[in-house]
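Please read them with the coordinates open.

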Amino acid sequence: MPIPLKMAATRIAAIKLLYLYLLIGSLAAGAHAQEQPLRPLPADTARGFKLYQRGDTEGAIRVLREVVQRREDDADAWYYLGLSYKQEGRQWSARAAFESAVALRPDFANALANLAFTLIIANKSERALQLAERAIEAGDQSAEAHYVIGEASLRQDAHARALDEAELALRIKPDFPLALVTKGMAQNGLKQYDEAAESFAALLAMSPDNAEADAWRVELAHLRKSAASAKENPSPAPDGPNVYTTRQVTAKARVLSKPDPDYTQAARRAGAAGTVVLRGVISTDGKLTDIFVVRWLPYGLTTSAIEAARQVQFTPASIDGKPVSQYILIEYNFNLY
């Protein structure tokens, strides 16, 4: 019996809607592949995974720690324990769990990618890069591996590769703040000031209360100023007007006092380490102005470094006894011992 046209149209619409739901579901599954079981799990490991999946990371950690104490060869339990620690911001502990998973299963792509992520946070850039590349070769499809390659490349001043990898990470995971920072810093390194400003504006819109929000507001202001300056004068002097390098002055600016930055609790919890590098101008009155970030660290450490830099006291540079403004690089090292 032929189906009435109205009923047929209704069924077609229903089928289209079902297809749309399935498509959205498949995209979500791909974006959150690490939150799905990778293989059939033992009952106790599955219980820990389900707790992690529900957002009860403390419960998951408790259960999965008991599992690995009973079965040290359970790579999946180690992996989901690592994910639970990672979700809690305890990257130091996550790193040890992912190390155990990879030791048991060297081709464990997801564990390799997440281990690489914890290593880049700990400033182990070379090993992080190697593991991220291994993860991709082993079939990892997460954003973390591309982010690690991008951030490691950024630290090597390979800005073009850093930008490419950060963009790959953001295609997989558009709400990935760390990858957006890497993208913006790489664009800045390539002197794409307008594009870099857009990246940091998007970052602030995404995470206005992030621990590094103040640092990125400083960076955004600098980028907009650089973009405007580049448009007004496409071929500026290397160091701009009325600001001198250390080689150009008769007497360099001297540091009178340099307070140490705070090592944030979030950074300690994560095991974050490395160096924040800032550039600024020491004005003729000895104050630090026009600060911007050359090299950054997460978990509030960049903001902490900027706050400390603003408190540094200087004697200004001079040329033939006359005070002048001078560029300066300030480094702050953050290491856990």
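1. pLDDT is the predictor's confidence in each residue, on a scale from 0 to 100. Over residues 1-34 pLDDT stays under 50, and for this stretch the model has 12 contacts (heavy atoms within 4.5 Å) beyond four places in sequence. The chain as a whole averages a pLDDT of 88, with 86% of the residues scoring at least 70.

2. On conventions: this is a predicted model, in which local features need pLDDT of at least 70 and side-chain atom pairs count only at pLDDT 80 or more, while totals for chains, interfaces and linings use all residues. Residues are numbered from 1 along each chain as its sequence is written, and side-chain values use heavy atoms, with hydrogens and water left out.

3. Helices (H or I, at least four residues) and strands (E, at least two) are DSSP runs, numbered from the N terminus. Helix 3 covers residues 57-70, and its 14 residues should span 20 Å at 1.5 Å a residue; the expected span is 1.5 Å times one less than the number of residues. The end C-alpha atoms of helix 3 are 20 Å apart, which agrees.

4. Burial is judged by relative accessible area: buried is under 20%, exposed over 50%, and partly exposed in between (1.4 Å probe, protein chains only). The buried residues of helix 3 are Thr-57, Gly-59, Ala-60, Ile-61, Val-63, Leu-64, Val-67 and Val-68. They pack against helix 2 (43-53) and helix 4 (75-87). As background, residues three or four places apart point the same way because an α-helix has 3.6 residues a turn.

5. Thr-57 lies in helix 3 and counts as buried because its relative accessibility is 6%. Leaving aside neighbours within four places in sequence, Thr-57 is in contact with Leu-51, Tyr-52, Ser-84, Gln-87 and Glu-88. Glu-58 is also placed in helix 3, but at 54% relative accessibility Glu-58 counts as exposed.

6. Helix 4 packs with helix 6 (residues 109-121) at an angle of about 35°, and their axes are 11 Å apart. The contact involves Tyr-79, Leu-83 and Lys-86 of helix 4, and Asn-110, Ala-111, Asn-114 and Phe-117 of helix 6. Axes here are lines fitted to C-alpha atoms, for helices over the stretch in contact, and angles run from 0 to 180 degrees between N-to-C directions.

7. Which residues does Ser-207 touch, not counting those up to four places away in sequence? They are Pro-177 and Ala-213. Ser-207 sits in the loop between helix 11 (193-206) and helix 12 (213-232), and counts as buried at 16% relative accessibility. C-alpha to C-alpha, Ser-207 and Pro-177 are 7.6 Å apart in space and 30 residues apart in sequence.

8. Strand 3 (residues 274-282) has 7 of its 9 residues buried, so it is largely enclosed by the rest of the structure. Two strands pair if DSSP finds at least two bridges between them. Strand 3 pairs with strand 7 (residues 322-334) in the antiparallel sense over 9 bridges, and Arg-279 stands opposite Leu-329 in strand 7. Strand 3 also pairs with strand 4 (residues 288-295), antiparallel over 5 bridges, where Leu-278 stands opposite Val-293 in strand 4. The hairpin of strand 3 and strand 4 has 5 residues between the strands, and in it Gly-286 takes a positive phi near 85°.
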